[in-house]
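Here are my notes on this model, as numbered points. Keep the structure open while you read.

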Amino acid sequence: MRQLLALLFSLAATPLAAQEPSLARPNLLLREVVTGMPRGERQEVQVLTASFRPGDRTVFHTHRHPVTVYVLEGAFTLEMEGRAPALVRAGEALVEPPGVRMTGYNRAEGPLRVIIVYVSEPGMPFLDPIHP
């Protein structure tokens, strides 16, 4: 028992700076097989951010290719035609499918911040608005 206590005290007294740095490893958030990716010889990668106040929404729209959304803060509600609404919270991600009519909302009481990743043919618009 004395040896265990001595070991615990020695570990607690060891400064953190004396420890060797460890290897950073990625944390898989989302893995999803998708269809509709661009097939040309060249693709353009767009990384966007968006901030929503409570009650803010996107325009009613579609995408030509899959879109990945990662929520930094808050909760994102995605309403897609013919599907149940999807709720994605901070630290979570989702893939928006191409060709589906949708609108995204901040239905929470606090701010919403997201990172959006879109791969398309060069010069392709990020979204296509749908006018009623």
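1. Strands (E, at least two residues) and helices (H or I, at least four) are DSSP runs, numbered from the N terminus. Val45 has a relative accessible area of 57%, so Val45 is exposed. Exposed means over 50% relative accessible area, buried means under 20%, and partly exposed lies in between, with a 1.4 Å probe and protein chains only.

2. A word on the source. This is a predicted model, in which local features need pLDDT of at least 70 and side-chain atom pairs count only at pLDDT 80 or more, while totals for chains, interfaces and linings use all residues. Residues are numbered from 1 along each chain as its sequence is written, and side-chain values use heavy atoms, with hydrogens and water left out.

3. Now the overall plan. From the N terminus on, the order is α-β-β-β-β-β-β-β-β-β. Of the 132 residues in the chain, 28% are buried. Contact means heavy atoms within 4.5 Å. Take the contacts between residues at least 6 apart in sequence: 78% of them join residues at least 24 apart.

4. Next, the surface as a whole. The accessible surface of the protein chain is about 9,500 Å², and 56% of this belongs to carbon and sulfur atoms. Accessible areas come from the Shrake-Rupley method with a 1.4 Å probe; for residues, only the protein chains shown count as cover. Val45 returns here: with Val47 and Val117, Val45 forms a nonpolar patch of about 260 Å² of accessible area together. Patches take residues with over 30% relative accessible area and no salt bridge; nonpolar side chains (Val, Leu, Ile, Met, Phe, Trp, Tyr) are joined within 5 Å, like charges within 9 Å.

5. Then look inside. In soluble globular proteins, nonpolar side chains tend to be buried together. The largest nonpolar core here has 17 residues, and Phe76 and Val114 have the most contacts inside it. S1, S3, S4 and S8 each supply at least two residues of this core. S8 gives the largest share, four residues. A nonpolar core is a set of buried Ala, Val, Leu, Ile, Met, Phe, Trp, Tyr and Cys residues joined through side-chain atoms within 4.5 Å. Leaving aside neighbours within four places in sequence, Val114 contacts residues including Leu48, Phe52, Val69 and Leu72.

6. Arg113 also deserves a look. Arg113 lies in strand S8. Its relative accessible area is 38%, so Arg113 is partly exposed. Arg113 and Arg53 are 60 residues apart in sequence, yet their C-alpha atoms are 9.0 Å apart in space.

7. How many salt bridges are there? The count is five. A salt bridge is a side-chain nitrogen of Lys or Arg within 4 Å of a carboxyl oxygen of Asp or Glu. One of them joins Arg64 to Asp128, with the closest N and O atoms 2.8 Å apart. Arg64 is in the loop between S2 and S3 and Asp128 is in strand S9 (residues 128–129), so this pair ties together parts 64 residues apart in sequence. Another joins Arg107 to Glu79 at 2.7 Å between the closest N and O atoms. Arg107 is in the loop between strand S7 (102–105) and strand S8 (112–120), and Glu79 is in strand S4 (residues 75–80), 28 residues apart. Asp56 and Arg53 also form a salt bridge, with closest N and O atoms 3.5 Å apart.

8. Last, is His63 buried or exposed? His63 is buried, because its relative accessibility is 2%. His63 sits in the loop between strand S2 (61–62) and strand S3 (67–73). Its side chain reaches the backbone oxygen of Phe126 at 2.8 Å. Not counting residues up to four places away in sequence, His63 touches residues including Glu96, Met102, Tyr118 and Leu127.

Conventions: Polar contact = N/O pair within 3.5 Å; in protein donor to acceptor, adjacent residues only side chain to side chain.
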